[in-house]
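This report looks at a single chain through its annotated positions, its packing and its backbone. Please keep the sequence and the model open side by side while reading.

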Amino acid sequence: MHKIVLLRHGQSLWNRENRFTGWTDVDLTERGVEEARAAGRALKAQGFDFDLAFTSVLKRAIRTLWLVLEEMDRVWVPIHNSWRLNERHYGALQGLNKAETAAKYGEQQVFLWRRSYDMAPPALEPSDPRHPGNDPRYRALRPEELPVTESLKDTVARCASYWNEAIAPAIQAGRRVIITAHGNSLRALVKYLDRLSDQDIVGLNIPTGIPLVYELDQDLKPLRHYYLGDPETVAKAVQAVANQGLAR
Ligand SMILES: O=C(O)[C@@H](CO)OP(=O)(O)O
């Protein structure tokens, strides 16, 4: 049996401001830093240990991983960074406040943009300064790999290919793995691992900073999963994520 840990980054500045974030590289808030440290302490207290870590190229997930490893006295654990674990690209919505967007376009439209499986938000214009082609960290990507918007389906495709090429072989070689990533890149992985239907993934929300443990069989088929946290606190945090798209 293999055990892996999925962890969404701690609260970011734009989580606090309730803005669509996507590939925008915002940092953690003080609360986010504390969430990450608490996750590290909880993992250590529960006897978890890691040989290898995977994360995105966005600092909220990277810093969360650093803080976890620091709390576990494991800063030497090798880290693989990949853009394929980045948050879903939120296109032209990036930067907009979710509640204001719901007030303007309707809660249903925002719900579809946030949670429908195959609908992508409006794309960034090629001339937009936020285009990933302007960002040095994506220099090695082929132009057709650079998203200007993504549906969750698009995110699943890149996360699943990274899982198959990089993460799954490491787990099968016996490495104990932690993945720190983002709300929607983790939803994408969960959909892929649990073979959730396009309908079932719509209702799934992942809270910040609470380790999600997956137990996998020899073929990496999930046996069970659970959050490392008090169930009531987890349920409230999940509901709070769902509610971010309400007009208020
Ligand atoms: O804004 C985003 O990039 C994501 C994660 O914070 O938000 P949502 O939960 O709305 O998909």
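## Position of E87

E87 is found in the loop between β3 (79-81) and α4 (98-105), where helices (H or I, at least four residues) and strands (E, at least two) are DSSP runs numbered from the N terminus. The model is a predicted one, in which local features need pLDDT of at least 70 and side-chain atom pairs count only at pLDDT 80 or more, while totals for chains, interfaces and linings use all residues. Residues are numbered from 1 along each chain as its sequence is written.

E87 counts as buried because it has 27 C-beta neighbours inside 10 Å; a residue is buried if 20 or more other C-beta atoms lie within 10 Å of its own, exposed if 12 or fewer, and partly exposed in between, with C-beta atoms placed from the backbone. Leaving out residues up to four places away in sequence, E87 touches T21, G22, W23, L58, H182, G183, N184 and S185, a contact being a pair whose C-beta atoms, placed from the backbone, lie within 7 Å.

## The annotated pair

The UniProt annotation "active site", from an unreviewed entry, covers H9 and E87. Although these positions are spread over 79 residues of sequence, they cluster in space, with a largest C-alpha distance of 10.6 Å. UniProt positions are given in the numbering used here, feature names are shortened, and annotations may be inferred rather than shown by experiment.

H9 lies in the loop between β1 (2-8) and α1 (13-16), and H9 counts as buried because it has 32 C-beta neighbours inside 10 Å. Beyond residues up to four places away in sequence, the contacts of H9 include R60, A61, T180 and H182.

## Around the ligand

The residues around the ligand are N15, F20, T21, G22, E87, Y90, R114, G183, N184, V241 and Q244, each with its C-beta atom, placed from the backbone, within 6 Å of it. By class, this shell has three nonpolar, six polar and two charged residues; Ala, Val, Leu, Ile, Met, Phe, Trp, Tyr, Cys and Pro count as nonpolar, Asp, Glu, Lys and Arg as charged, and the others, Gly among them, as polar.

Leaving aside its neighbours within four places in sequence, L189 is in contact with L6, C159 and W163.

In helix α5 (residues 107-115), V110, W113 and R114 are buried. They lie on the same side of α5 because they cover an arc of only 95° around the axis, the arc being that of the directions from the helix axis to the C-beta atoms. The buried residues of α5 pack against α4.

## Backbone exceptions

Most residues other than glycine have a negative phi. L220 is found in the loop between β5 and β6 (222-227), and is partly exposed, with 16 other C-beta atoms within 10 Å.

Conventions. Two residues are in contact if their C-beta atoms, placed from the backbone, lie within 7 Å.
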